[in-house]
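Subject: Structure for your review

Dear colleague,

Please find below the structure that I would like to hand over to you. My notes on it follow directly after.

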Amino acid sequence: MGDRSDQELAIRVEDITKIYRLYDRQRDRLWESLGLDFKKNYKEKRALNHVDFEVRKGETVGIIGTNGSGKSTMLKLITGVLTPNSGTIRVDGRISALLELGAGFNMEYTGIENIYLNGTMIGFTKEEIDQRLQAIIDFADIGDYISQPVKSYSSGMFVRLAFAVAINIDPEILIVDEALSVGDVFFQSKCYRKFEDFKREGKTILFVSHDLSAISRYCDRAVLLNQGDKIFDGSPKEAIDIYKKVLVDQYRQGKSAEKEKDASVPQAGGGEEKSGGDALLWKDSFPVNPSLVEYGEKNAEIIDYGLFDEKGLATSNFLKGSQCTVRMRIRARETVLEPIFAFTIKNLKGIEICGTNTTMEKIPVPTMNAGDEHVVTFTQKIDLQGGEYLLSLGCTGYQDGMFRVFHRLYDVISLTVVSSRDTVGFYDMNSVCELDPEE
């Protein structure tokens, strides 16, 4: 793998393979464990297949992937809950892990008793836990339930207490497996603020999440697993773009699928004509993004696109508060039932800020036959804060009852919003502020 010194690394995963044995009957498992059955009465499931990655000290790394891709197995291997079939894992630092809900808790004990139980298991003395007890109770914020048996807790209360214990025992490495999805939005916000504190303190965080916005916002890197294989390790934005292709079965490992173009289909013009008869495309007015991600079956294809101001001029620069029109032309290559046309605007970290589609806007699109074309426009007031954004376009639909991606163009045009007045957050609510207004 890399040539980083061990002193820089919190976690090193080298050539890890984990295979589970799946038995049709429990008695087959028992007989084999007793050495009484010499036949192979099980199937092997390769949960992880020769996976390598590193986590530097102070990094926040997310692990993403579909269900069954090996994410939770990897965390259990790193924390020592499971043992790999082959490969090595090296960890430098005290780990605090929040894995399966309830792991390490005695359901008959009260919340306070479980705090002491977990602290003792990690290696703290009673005096050290005493010093941290109030901070844990305050963070969990479950009131009098802290003195009640844990078996009486709701799942939300349970994860509050478990997370409060995990982050208040001064870990050097925090490992979290999807547990935050159980808590309410206010508790999640508090947990992510704690992530920010950890990052500032130079601590290491490794977490699994299906919340792609959280991966974009908090992670320095993301590892994408698919059916036990590591298929990407790099920027969260790139990992999420590839993950979205995996979700719709459009990822082809080893091929630069996002760069592929089908040159056999001629491109249609945007309406005006160049001298000589060649069509003038809207997209010709915009620079080509070298990092453009493109994929899809192309049953229907986005053959032209552009951004236009309120005068109809092609531009990627807009004054905050002005009107912006997203326009795209779609051509069907074969029959497509009721396609859906969409756009999204993301910031440079890959977080989706806004967007919509024809279904959300209640604009029905009729079935398209081969050769049919549609032009769709989305017109809106730009109230985004000043800064740089990226436009993505999509054409999707349903065929034979299955969701299908016909064509997607991620980050196809950069969009600049010029503003003389920015407020908090991603967009401006256009608040009217008055001092001592007349009643």
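A residue is called buried here if its relative accessible area is under 20%, calculated with a 1.4 Å probe and protein chains only. Of the 439 residues of the protein, 46% count as buried on that basis. Please note that this is a predicted model.

As to the overall make-up, the protein has eight helices and 18 strands. Among contacts between residues at least 6 apart in sequence, 70% join residues at least 24 apart.

I turn next to a pair of helices. Helix α5 (residues 155-167) packs against helix α6 (residues 185-200) at an angle of about 10°, and their axes are 12 Å apart. Since angles under 35 degrees count as roughly parallel, α5 is roughly parallel to α6. On the α5 side the contact is made by Val159, Arg160, Phe163 and Ile167, and on the α6 side by Phe187, Cys191, Lys194, Phe195 and Phe198. Seven of these contact residues are nonpolar, none is polar and two are charged.

The aromatic residues deserve a section of their own. The count of aromatic pairs comes to 14. In one of them, the ring centres of Phe105 and Phe158 are 5.1 Å apart and the planes lie at 50°, so the pair is tilted. Phe105 belongs to the loop between β5 (95-98) and α3 (111-122), while Phe158 belongs to helix α5, so this pair ties together parts that are 53 residues apart in sequence. Both Phe105 and Phe158 are buried.

A further pair, Tyr192 with Tyr218, is stacked, with 4.6 Å from centre to centre and 10° between the planes. Because Tyr192 lies in helix α6 and Tyr218 in helix α7 (residues 212-218), the pair ties together parts that are 26 residues apart in sequence. Tyr192 has a relative accessibility of 9% and therefore counts as buried; Tyr218, at 12%, also counts as buried.

Tyr192 and Tyr218 also belong to one aromatic cluster, together with Phe139, Phe163, Phe187, Phe195 and Phe207. Among these cluster members, Phe163, Phe187 and Phe195 also take part in the contact of α5 with α6.

Finally, there are charged groups placed over aromatic rings. Arg327 lies over the face of Trp282, at 5.5 Å from the ring centre. Lys346 lies over the face of Tyr410, at 4.8 Å from the ring centre.

With kind regards

Note on methods:
Residues are numbered from 1 along each chain as its sequence is written. This is a predicted model: local features need pLDDT of at least 70, side-chain atom pairs count only at pLDDT 80 or more; totals for chains, interfaces and linings use all residues. Side-chain values use heavy atoms; hydrogens and water are left out. Axes are lines fitted to C-alpha atoms, for helices over the stretch in contact, and angles run from 0 to 180 degrees between N-to-C directions. Helices (H or I, at least four residues) and strands (E, at least two) are DSSP runs, numbered from the N terminus. Angles under 35 degrees count as roughly parallel, over 145 as roughly antiparallel, 65 to 115 as roughly perpendicular and the rest as oblique. Contact means heavy atoms within 4.5 Å. Ala, Val, Leu, Ile, Met, Phe, Trp, Tyr, Cys and Pro count as nonpolar, Asp, Glu, Lys and Arg as charged, and the others, Gly among them, as polar. Rings of Phe, Tyr and Trp (its six-membered ring) pair if their centres lie within 6.5 Å; planes under 30 degrees apart count as stacked, over 60 as edge-to-face and the rest as tilted. Buried means under 20% relative accessible area, exposed over 50%, partly exposed in between (1.4 Å probe, protein chains only). A charge sits over a ring if NZ of Lys or CZ of Arg is within 6 Å of the ring centre and within 35 degrees of the ring normal.
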